[in-house]
Each structure stands twice: as structure tokens, then as C-alpha cells.
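Please keep the structure in view while reading.

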Amino acid sequence: QKEVEQNSGPLSVPEGAIASLNCTYSDRVSQSFFWYRQYSGKSPELIMSIYSNGDKEDGRFTAQLNKASQYVSLLIRDSQPSDSATYLCAVKITSGSRLTFGEGTQLTVNP
Amino acid sequence: DGGITQSPKYLFRKEGQNVTLSCEQNLNHDAMYWYRQDPGQGLRLIYYSQIVNDFQKGDIAEGYSVSREKKESFPLTVTSAQKNPTAFYLCASTMRGTSGPTLETQYFGPGTRLLVL
């Protein structure tokens, strides 16, 4: 089992729809969770971080964490063509430890 | 401007040649990381350093070497032992672990694309 697994993708949604990106992780003691967006040919940029169970909202983005189910998701409301990118889920087990990345989910938002 | 710089943007390696990728940060971050990304793949950790003069192997360290002589610099050498070096190389940095989880966000440089001639 991979340490961090994401929707295999690619995911395609129409403009204005909600895009849902999912990530599961294997280590139950994981503490910190991150979503990065990566445009083609560019480096990853942080979208959201979440540390506690529940929802965290930032503009059109909502991260959801359920530690009991070892599941973290990213919802993008009112999807725009500019949201088309690969989204990487990353997990940190303990403070100071390394990040482990999933393989990413490619999202396309169609005008 | 504070940030992470990587150079060069593109690098061409001849067979049997060692090449060095530069990574510099002026964020006063303690920890630095090198990742490799192949097309359509996630990030794989090559080496990381939590403090000056100390570094640890990641998941795919074979064929690579690093040094951490200064806090702001973490160069990566791709040696001739790395038989398939063509990839996108990303450097990242973060505050030290004891800073607490909210300060441990990892930030990335713009990357270096390495190609083999």
C-alpha cells in the first residue's frame, strides 16, 4: 500500500462546478496535511494546509480532514479554467519529519 | 524579495559527466530538500538537510550527492552513477521542526530541468 494515495485522475469538470479531490494516507499518526497546485512545467505552490479534523475554508477552496478514516480532501467551488492543474496531496507524520507526496490528480476545468 | 532560487533553469549533461544544481534561499529556513519529478509522477525525495553540516538520504539517493556548508545553500550533484537523470529537480525549504506544525509549510523553488545529451 502506498503511503499517500490520490484519485487516479484525470478529473474533468465544467466551469462553475465543484471539483472534488481525494487523498488517503496509511500512517495513522500523521499530523499535518497539505494540498499543492502544480501547473504544467512549474513548481508546486501551496493551496491549503490542515491539521485538525473538520473543514478549513479559504476562498473557493475547502480542505476536509477525517483522521479516523485517514482521509483528506480538497473541494474547489465555482471551478475556473485557471484551476486546471495537477493537485498534489502531501502528509507529514510528525513535527520536523519529511513530507510524503501522492502522485497527484490532474484536473481540467472546461469552459 | 525573499524566496528560493534554483539555477540553471535548464541543464544538459553529457554521458559520464557530473553536474551540480544550485539551490539558494534567503528565507532563513533551517531545513532544505531535493526532490525529483518524472513526467506524470509525484515528487520523490532525494536528500534533505535539517541543519548545516548534516543531511540524510531520501528514497532515491543513489547516484546523487549533496553538501550543506551554509544555511542558505544546498547544492545537488548528479553523478555519472545516476544512469537515468532526465527529470525535473525541485528544491524546497521549511522552518525547523520544533517551530510547530503551522510554521513547517514547505516552499519550492522554480526547479531545474535536467536533460541528457
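What volume does the largest pocket have?

## Basis of the description

The model is predicted, with local features requiring pLDDT of at least 70 and side-chain atom pairs counted only at pLDDT 80 or more, whereas totals for chains, interfaces and linings use all residues. Residues are numbered from 1 along each chain as its sequence is written, chains are lettered from A and ligands numbered from 1 in the order in which they are written, and side-chain values use heavy atoms, with hydrogens and water left out.

## The largest pocket

The volume of the largest pocket is about 500 Å³. A pocket is here an open set of points, on a 1 Å grid over the protein atoms alone, where a 1.4 Å probe fits and protein lies on both sides within 12 Å along at least five of seven lines; lining residues have an atom within 4 Å of a point. The volume is the space filled by probe spheres set on the points, which are joined across faces, edges and corners.

Among the 28 lining residues, Q38(A), T86(A), Q37(B), P39(B) and G40(B) are the closest to the centre of this pocket. Two or more residues each come from β9 and β11 (105–110) of chain A and from β9 (87–94) and β11 (112–116) of chain B, strands being DSSP runs (E, at least two residues) numbered from the N terminus. The largest share, 4 residues, belongs to β11(A). By class the lining holds 9 nonpolar, 15 polar and 4 charged residues, where Ala, Val, Leu, Ile, Met, Phe, Trp, Tyr, Cys and Pro count as nonpolar, Asp, Glu, Lys and Arg as charged, and the others, Gly among them, as polar.

## The second largest pocket

The second largest pocket has a volume of about 300 Å³. It is lined by 19 residues, of which T100(A), F101(A), E103(A), L43(B) and R44(B) are the closest to its centre. This lining divides into 6 nonpolar, 5 polar and 8 charged residues.

## The interface of chain A and chain B

The contact (heavy atoms within 4.5 Å) involves 20 residues of chain A and 24 residues of chain B. About 1,700 Å² is buried between the two chains, with carbon and sulfur atoms giving 51%; buried area is the accessible area (1.4 Å probe) that two parts lose on being put together, summed over both.

The rule finds 1 salt bridge across this interface, with a side-chain nitrogen of Lys or Arg required within 4 Å of a carboxyl oxygen of Asp or Glu. R98(A) pairs in a salt bridge with D59(B), their closest N and O atoms being 2.6 Å apart.
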